[in-house]
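Let's take a friendly walk through this model, one neighbourhood at a time. Keep the viewer open as you read.

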Amino acid sequence: MPMYSPVVWMRELLPSPASSQTVTLDLGDVSLVSMFGVHDEVLREVEAQCPGVSIVARGNTITLSGPDPSLTRAQELLEDLRDLAGKGVAIVRSDVARTVDIQATTGARAAGMLSTPIVSSRGHSIRPKTVGQKNYVDAIDDHTIVFGIGPAGTGKTYLAMAKAVAALEAKQVDRIILTRPAVEAGERLGFLPGTLTDKIDPYLRPLFDALHEMMDPDLVPKLLASGTVEVAPLAYMRGRTLNSAFIILDEAQNTSPEQMKMFLTRLGFGSKMIITGDVTQVDLPTGASGLTTVGGILDELEDIHFEYLSAKDVVRHSLVSRIVDAYAEFEASKRGR
């Protein structure tokens, strides 16, 4: 009977490690900075998403080593990111996890879903970055009235603004109307200094800021003066019929049911309405929110769509999505008591 040393005996008992393979990926003429991120943070995040895979970049070539299926996953992920970067998207670390989610959820490539910009201004392209955002943008194309409901940072208002600017530039509408209720936590208009315009400016400032990002800043005052772009509090909508307009109601959770009905019935011919809000941030002192009640009233009507975004669609700092989830868990625990 052959004699085995303890080391040889243990090797026979233990399973053999998965064989390591190597794959080379050519980046072509893709900018290394736009592909790898600062200090190669994108490559390090791909390694974190694909355990056992090692990535080495030399020039415009990436060499991947590791066992399957992690190696195949890393290759598909990097090819998708390369195609996104090749279409002008500057890749950041958080894009890696989003691309993984898109591939897992839809079975499609992120480059195919998210590469088409909504609008471009001064070298900056605005496009959806998550599956939820892509569904939201597609719903705006396909429906006359769309409700975008979700937490802060999911791009509800920003993407709606981009679609409005694109519609105006394509002459699909004659004007853009941006409105929101003048209600904020702990404040009232009467306590703010200045004229009525001065009082409402802080409430409408986020809409102005987004507008300046998407259009030539020198053009914005002219469009405002001519009425092609109108930014006004919700109270100014009463009694009007809004034809051939792209209308956005922001912070809709702070409307009453009566205000919501009033706004929706302003819809005129050739117009589109987008209503955005976060039902977890209602600042109304008393009474129900028009946004929380409208779903049960209109959800079965044709040509009206409700898109619910979640923490997975937050595109701000990664900590924001975790804050949103933490608050959701807290509120759920309170309801369960």
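Phe 147, Phe 306 and Tyr 308 form one aromatic cluster. The model is a predicted one, in which local features need pLDDT of at least 70 and side-chain atom pairs count only at pLDDT 80 or more, while totals for chains, interfaces and linings use all residues. Residues are numbered from 1 along each chain as its sequence is written, and side-chain values use heavy atoms, with hydrogens and water left out.

How is a pair of aromatic rings described? By the distance of the centres and the angle of the planes. Here, rings of Phe, Tyr and Trp (its six-membered ring) pair if their centres lie within 6.5 Å; planes under 30 degrees apart count as stacked, over 60 as edge-to-face and the rest as tilted. The structure holds two aromatic pairs. In one of them, Phe 147 and Phe 306 are stacked, at 4.4 Å centre to centre and with 5 degrees between the planes. Phe 147 lies in strand 6 (residues 145–149) and Phe 306 in strand 11 (residues 304–308), so this pair ties together parts that are 159 residues apart in sequence. Strands (E, at least two residues) and helices (H or I, at least four) are DSSP runs, numbered from the N terminus. The rings of Phe 306 and Tyr 308 have centres 6.4 Å apart and planes at 15 degrees, so they are stacked too.

Is each of these two residues buried or exposed? Phe 306 is buried, with a relative accessible area of 14%, whereas Tyr 308 is exposed, at 54%. Buried means under 20% relative accessible area, exposed over 50%, and partly exposed in between (1.4 Å probe, protein chains only).

Now turn to Ile 247, which sits in strand 9 (residues 245–249). Ile 247 is buried, with a relative accessible area of 0%. Leaving aside neighbours within four places in sequence, its contacts (heavy atoms within 4.5 Å) include Ile 177, Phe 263 and Met 273. Ile 247 and Leu 178 are 69 residues apart in sequence, yet 5.9 Å apart in space, C-alpha to C-alpha.

Finally, look at two helices. Helix 4 (residues 70–86) and helix 5 (residues 93–106) pack at an angle of about 110 degrees, with their axes 10 Å apart. Axes are lines fitted to C-alpha atoms, for helices over the stretch in contact, and angles run from 0 to 180 degrees between N-to-C directions. Among the residues that meet are Leu 77 and Leu 81 in helix 4, and Val 96 and Val 100 in helix 5.
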